[in-house]
Amino acid sequence: MLISYLLLKFVVRDNISHGVTKVLLAVSRNDSLIKPHNTWTSVLTSSVTIGFGGSVGAEAPIVYTGAAIGSNIGRLAGLSYRSVTLLLGCGAAAAVAGIFKAPLAGVLFTVEILMFSISLNSLLPLLLSTITATVVSYIFRGQDPLFACNLVRFSMGNLPFYIVLGIVGGFASLYFTRTTLKLEDWLSGFKKPIVKWAGCAFGLGLLIFVFPELYGEGYDVISSLLDGSSSMGSSPLSFLTRSPWGVPLLFLMVFFLKVIAMTFTNAGGGVGGTFGPTLFAGAIIGFVVSRTLNLIPYFGFDVPEKNFVLVGMAALMAGVMQSPLTAIFLIAEISGGYDLLIPLILTATISFATVRLFEKYSIYTKRIAQSGDLLTHDSDKAVITLMRLSDLVRDKYPRIQPEQSLRDLVSVVSASTAQVVAVVDASGHFQGMIDIGNIHKELLDESKYDSVRVYNLMTTDIPLVFLDEKMDSVMNKFDITGAWRLPVVDHDRVYQGFISRSRVLMAYRDALKQISPDD
């Protein structure tokens, strides 16, 4: 964590954590352009973090790297926003496919999580990128699935237990998401980086000492569970495994603490993602549920624990990332477990539905949604999110001060073709506006030129638009007031210009062209 922190502070000099979230922000707020250094910095820092035992995953940094490669190829080629976004998605899809040897999951990950608008034509490059990445992975890492195991044949009698796993997985996903975000917010209160690093490093070290299963990504623990082993021999609390109920209890504690260990790693300076920890936590939940069911006396349940470990991974992924299709096919591909397609679909869907009752956004999109930068599959909302207020403000309108006379106003109006005049004080603060169409009589009555002041004619009850305001809020103000133009100010109420309905509609049309599928 310390090495990673020093690399970020003195070499990279940029914040590269939360890779998937950064990709989403690049699509919505930076024309899908990602800084060139992200083509290597995430891999370097995450390798250091995870290689020394950081309790995070390498998947999100690799996805960020793949997206950065695609984005920068598009930038160098001078492509349009739509094409750069597609290349970004191809890079991210290839990253997922290469990590897990799962081409279909790579495409679904990009479609469900990263790309809000996609056409049939766009599927071709996505599929080619994931197939290419999978073949490369086969060449260097072999063709065996990542978590190959001998599964128990699916039995219809176990469907009620998979439903239970889906509900438990949904609540576990809710805990995972909310605990992570709340703990990150709390740790961000430490203003001195060295203090935050020291606290997180001590906390992480203590957790790993008590529960060695928290060391690194945890994929070796998943493999052990799939092999039928539930040993915790190196833990100081391993004596609890002498009791049959002690085993699921210890693993349940590992689940609850994995979220804390992961957050300590990232907040303390490390770089890693939540993708791997989500799979780890899901495997633990699947094991705990199945072992608990099997320990219930008198009923004689014979729940296949290996199957539940795999299906539990899908349940947590569907709930935490809110991407059920990706969860279903990723787990099927990484295990060769297509025989479990029915329980995978059932459990992932129930987990997703359960968490959606309490949480609308995934762990990747929660903060982006709060800031108003989230692109969704709703085309109308996506277009509005892509529009930038700063591009629509025009300061071509004449200005006048409230104490000036009608004669001064006539001079200003005669020298301009604008339909409105901004009324500002000597410091540039907005005071009101004058609509020329509403004061024709006064403009033609020369007897009032010296007696009437601007403040007698201006309109003051106008909703103000702030320079950093989101476009959905601006559109709402237009709808409520029925106004054709609204004044734009900064947070000190200094006048910046006007935004008009006509410019908004033109920008909306242009943004719609950018994201519309080109079939």
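**Close-up 1. Arg 399 and Asp 395 pair up through their side chains in this predicted model.** Arg 399 sits at 38% relative accessibility, so it counts as partly exposed.

**Close-up 2. Arg 178, Glu 359 and Lys 366 form a salt-bridge network.** Here the bridges share partners, and that joins the three residues into one network. Searching the whole structure turns up nine salt bridges.

**Close-up 3. Asp 14 and Lys 35 link two loops.** Their side chains meet in a salt bridge, 3.4 Å from N to O. Asp 14 is in the loop between helix H1 (2-12) and helix H2 (19-29), while Lys 35 is in the loop between H2 and helix H3 (41-51), so the pair ties together parts that are 21 residues apart in sequence. Asp 14 has a relative accessible area of 24%, which makes it partly exposed. Lys 35 comes out at 46% and is also partly exposed.

**Close-up 4. Glu 469 bridges to Lys 477.** This salt bridge spans 3.1 Å from N to O. Is Glu 469 buried or exposed? It's buried, with a relative accessible area of 13%; the cut-off for buried is under 20%.

**Close-up 5. Met 313 sits in the largest nonpolar core.** That core holds 104 residues, and Met 313 is among those with the most contacts inside it, along with Phe 100, Leu 114, Phe 251 and Phe 275. Helix H12 (residues 275-295) supplies the largest share of the core, eleven residues. Which residues does Met 313 touch, leaving aside its neighbours within four places in sequence? They are Phe 147, Ile 222, Leu 279, Gly 282, Ala 283, Ile 331 and Ile 334. A second, separate core has 26 residues, including Ala 418, Met 433, Met 471 and Val 474.

**Close-up 6. Helix H13 (residues 305-320) crosses helix H15 (residues 341-356).** The axes come within 8 Å and cross at roughly 35°, and the crossing is right-handed. On the H13 side, look for Leu 310, Val 311, Ala 314, Ala 315, Ala 318 and Gly 319. Across from them in H15 are Pro 343, Leu 344, Thr 347, Ala 348, Ser 351, Phe 352 and Val 355. Sorted by class, this contact has ten nonpolar residues, three polar ones and no charged ones.

Terms used
Residues numbered from 1 in each chain as written. Predicted model: local features only at pLDDT ≥ 70, side-chain atom pairs only at ≥ 80, totals over all residues. Heavy atoms only, no water. Core = buried A, V, L, I, M, F, W, Y, C linked by side-chain atoms within 4.5 Å. Buried < 20%, exposed > 50% of the residue type's maximum accessible area, 1.4 Å probe, protein only. Helix = DSSP H or I, 4+ residues; strand = E, 2+ residues; numbered from the N terminus. Contact = heavy atoms within 4.5 Å. Salt bridge = Lys/Arg side-chain N within 4 Å of Asp/Glu carboxyl O. Axes fitted to C-alpha atoms, helices over the stretch in contact; angles between N-to-C directions. Left-handed = near helix turned anticlockwise from the far one by under 90°. Nonpolar A, V, L, I, M, F, W, Y, C, P; charged D, E, K, R; others polar.
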